[in-house]
There are 2 protein chains.
Amino acid sequence: MSGKQGNPTMKEVAAEAGVSLGTVSKVINNIPVGEEYRKRVEEAARKLGYQVNNYARSLRTNRTNTIALILPNLNHPYFGAIANAVAVALNRRGYSMLTSISNSDDQGEQRCLALAMAHKVDGVIAMTYNPRLEVDPQLNFVTIDRFFNAGVPCVSCDNFGGGQMAAEKLIGLGCKRLMFMRSGTHIYGEPDKRIAGFEMACKQHGIPYDTLNLHESEGLAPFLAYLDAHIKEGKADFDGLFCNTDKLAIMMVGAIRARGCRVPEDVQVIGFDGIRDFATGSYYCSTIVQPVELIAETAVSSLFPQDSSEIKPLIALPVSYAFGGTTKA
Amino acid sequence: MSGKQGNPTMKEVAAEAGVSLGTVSKVINNIPVGEEYRKRVEEAARKLGYQVNNYARSLRTNRTNTIALILPNLNHPYFGAIANAVAVALNRRGYSMLTSISNSDDQGEQRCLALAMAHKVDGVIAMTYNPRLEVDPQLNFVTIDRFFNAGVPCVSCDNFGGGQMAAEKLIGLGCKRLMFMRSGTHIYGEPDKRIAGFEMACKQHGIPYDTLNLHESEGLAPFLAYLDAHIKEGKADFDGLFCNTDKLAIMMVGAIRARGCRVPEDVQVIGFDGIRDFATGSYYCSTIVQPVELIAETAVSSLFPQDSSEIKPLIALPVSYAFGGTTKA
DNA sequence: TTGTAAGCGTTATCAC
DNA sequence: GTGATAACGCTTACAA
C-alpha cells in the first residue's frame with residue numbers, strides 16, 4: 001500500500017468534515033449532496049490528501065477499472081505500438097492497464113491469464129499464440145491477431161485485403177512474376193490470410209507466383225537457399241516479392257542485394273506491418289501498414305459492450321500501402 | 001470482475017470442503033494445517049476453480065503485489081526495452097506491473113502518479129521529466145534516469161563514465177578534434193552528465209572540442225547549421241562526434257554524409273543508448289550501450305528494501321561500448 | 001437530503 | 001489445530 005501507513009481513509013475525511021461516511025462517499029462519487037456538505041467534504045479531502053482506495057471500492061462494486069494486456073514482449077516495435085495505443089485508449093476511458101509479458105510461451109500465456117484473473121480485471125486484451133489456451137468463457141476477453149472461436153472477439157487488420165493489396169501493388173508496378181515468403185510462429189493464425197489474399201489477387205490477374213511458407217524455427221536458411229536458386233548472376237527469375245512481415249522483408253532486401261540484384265529496379269519488395277525507424281520515422285521498406293491505433297481502440301471498445309451495439313467475432317480493420325523505397329515510385 | 005458472477009469465494013470452498021473459512025485461508029497461504037484438511041480444501045478449490053481475490057486480500061494485508069511503471073511512451077525502443085525488462089524482473093518476484101503512459105507531459109506524469117496511488121501499488125518506478133513532480137514522501141518511489149533528491153533512489157547508467165568512454169574511444173581511434181551534440185527534453189537531468197564526462201576526458205587528453213547543447217524544441221536545424229558551417233567542400237574541421245542519443249547520432253551521420261563527408265573515414269560518430277535494429281539486431285551506430293536489464297533489475301530491487309541492505313540515492317550502472325559501423329574498426 | 005449499517009472476500013485474532 | 005469473528009475501506013440500500 002505504497003508503504004504509507006497514514007493514508008487517509010473516508011472515515012477520517014468524514015470526521016474532519018464533520019459529516020457521515022456515506023456523505024463523503026457520495027461526494028467522491030459525484031452523487032448529489034447539499035452544497036454546504038459538498039464543500040466541507042471537498043475541503044477536508046484536499047486537506048488530508050485523500051485518495052480513494054480502488055481496492056476497497058472494487059471489492060464492493062465488483063469492478064476494478066483495470067484491464068490486462070497480455071503480449072509476447074515489448075521489444076518489437078509492433079508490440080510496443082500496440083501496448084502504447086491500448087494504454088492510451090484505456091486511459092481515455094478511465095481504465096488502467098496491467099501488462100503481462102508471455103514470452104510467446106504457452107505456459108507463460110496461461111500464467112499471464114491466471115494473474116489477470118486473480119487481479120479480477122474487468123477484461124483482457126491478448127496477443128496469444130497458444131491455440132489451446134484455457135480461457136474462462138465468462139471472461140471478458142478480446143484477442144488481437146488471433147482468432148479463437150466465435151465466442152471470443154478478435155480484432156485484426158484486414159490481412160486478406162493486405163495480401164491482395166500487396167499483390168496488386170506489385171502487379172500495378174509492372175511485376176510479371178511474384179514470390180511470397182512467410183516466417184511465423186505458428187502455421188495457422190489470422191495473419192496467415194495474407195497469403196490467401198495474395199494468391200487470390202495473383203490468380204485474378206493471371207500472374208504466376210511462388211510461395212515459401214515456413215515456421216520461424218527453420219530460420220532464414222530456406223529463404224536464402226531459395227534466393228540462391230533463383231538469382232543467377234544478378235538476375236532473378238521473379239521481380240516482385242511480398243513478405244509477411246517487415247522484418248522478413250528487410251532481411252530479404254539485404255540478401256537480394258547481396259546477390260547482385262537491385263531493389264527496387266530488378267526486384268520490388270513489399271513487407272507487412274508498417275514499422276518505422278525510431279530515429280527518422282521513415283519506413284524500413286515499402287509495406288502494408290497496420291492501423292495500430294485503430295486496432296487498439298477497437299480492441300478496447302470491444303471490451304465495453306455499451307460502446308458497440310453488437311459484438312462481432314472477427315473485426316478486420318483496413319490497411320494501407322506505404323512507400324518505403326523498396327518498390328518503384 | 002471479469003464479468004463472472006459465479007466466481008467461487010473462499011466461503012464456498014469452505015462449504016464444499018466442509019471446513020471453516022479460516023482453514024481455507026490457511027491452506028491457500030501455506031500455513032500449516034492438518035494433512036487431511038489440506039487435502040480436502042485443495043480438492044474443493046480445484047473442483048470449484050477457486051482463485052484468490054487479490055483485491056480483497058490487499059484490503060486486508062495492505063499489500064497489492066503490484067507496482068506501477070510510469071514512462072513517456074512505449075514507442076521508443078529504449079522505453080520498450082525498459083518496460084519489458086521491468087515486467088520480467090517484477091514477475092520473477094511475483095509482482096504485477098501497472099503501466100501508465102505520461103506522454104512526457106507534466107500533467108500526465110502527475111495523473112499517472114495519482115492513478116498509481118489510487119491503485120495502492122506497493123511502489124512506483126518512473127521515468128519522469130517534471131522536476132516539480134509532487135510525490136508523496138511516503139511513497140515507495142524509484143526513478144530511472146532522473147535524480148530528484150537524496151530521498152528518492154535514482155537508477156541510471158553511468159552517464160558520466162559513458163561520456164568519458166565515448167571521448168576516449170574517439171581519441172583512441174585517432175580523432176584530433178571532437179564535437180558533442182545534445183538534444184533533449186530538459187536542460188538538467190541524469191543523462192546530462194554525459195557531456196561532463198566527455199569534456200573531462202577531452203581536457204585530460206588535451207584534445208580540443210566543441211559542444212552544442214540544445215533543447216529538443218529547437219529541432220535539428222541548429223545542428224545542421226553547425227554542420228554547414230564546419231564542413232566545407234566535404235572537409236570537416238572535426239573528426240569525432242559524440243551525440244547524447246543514438247537517435248541524434250543516426251540523424252547526424254546522415255547529415256554528415258549528405259554534406260560529402262565520409263563516416264567513419266573522415267568523421268567518426270558515437271551515439272548513446274545502444275538501440276538495435278528490430279529486424280537484424282544490429283546497432284544503428286557505434287554507441288555507448290545502456291545495461292537495460294540491469295537497470296530494470298536494479299530499479300525493481302530498490303523497491304524492496306530486503307533485497308538491498310542499503311538504499312543508495314543514486315546508482316550508476318556500468319555502460320559498454322559497441323561498434324556499429326560509424327567508427328573505425 | 002443525511003446518517004446508519006450491512007456486506008464485498010480476505011486475513012488474523014481469538015477462544016475452543 | 002480448527003472454527004467463529006472482527007476488521008480492512010468502500011458502496012448502497014434503507015432508515016431517520
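Biologist: Thanks! Which residue in β2(B) does A:Thr99 stand opposite?
Modeller: A:Thr99 stands opposite B:Met97. Before going on: this is a predicted model, where local features need pLDDT of at least 70, side-chain atom pairs count only at pLDDT 80 or more, and totals for chains, interfaces and linings use all residues. Residues are numbered from 1 along each chain as its sequence is written, while chains are lettered from A and ligands numbered from 1 in the order in which they are written.
Biologist: How many bridges join β2 of chain A to β2(B)?
Modeller: Three, and the two strands run antiparallel. Strands pair if DSSP finds at least two bridges between them. Strand β2 of chain A covers residues 96–101. The names come from DSSP runs (helices are H or I with at least four residues, strands are E with at least two), numbered from the N terminus.
Biologist: How many residues of chain B are in contact with chain A?
Modeller: 53 residues of chain B are in contact with 52 of chain A. In contact means that the C-beta atoms, placed from the backbone, lie within 7 Å.
Biologist: And which element of chain B gives the largest share?
Modeller: That is α5(B), with eight residues. The side of chain B that touches chain A divides into 26 nonpolar, 20 polar and seven charged residues. Here Ala, Val, Leu, Ile, Met, Phe, Trp, Tyr, Cys and Pro are nonpolar, Asp, Glu, Lys and Arg are charged, and the others, including Gly, are polar.
Biologist: Last one: at what angle do α2(A) and α3 of chain A cross?
Modeller: Their axes come within 10 Å and cross at roughly 85 degrees. Axes are lines fitted to C-alpha atoms, for helices over the stretch in contact, with angles from 0 to 180 degrees between N-to-C directions. That makes α2(A) roughly perpendicular to α3(A), a label for angles of 65 to 115 degrees. Among the residues making the contact are A:Val24 of α2(A) and A:Tyr37 of α3(A).

Note on methods
Parallel < 35°, antiparallel > 145°, perpendicular 65-115°, else oblique. Contact = placed C-beta atoms within 7 Å.
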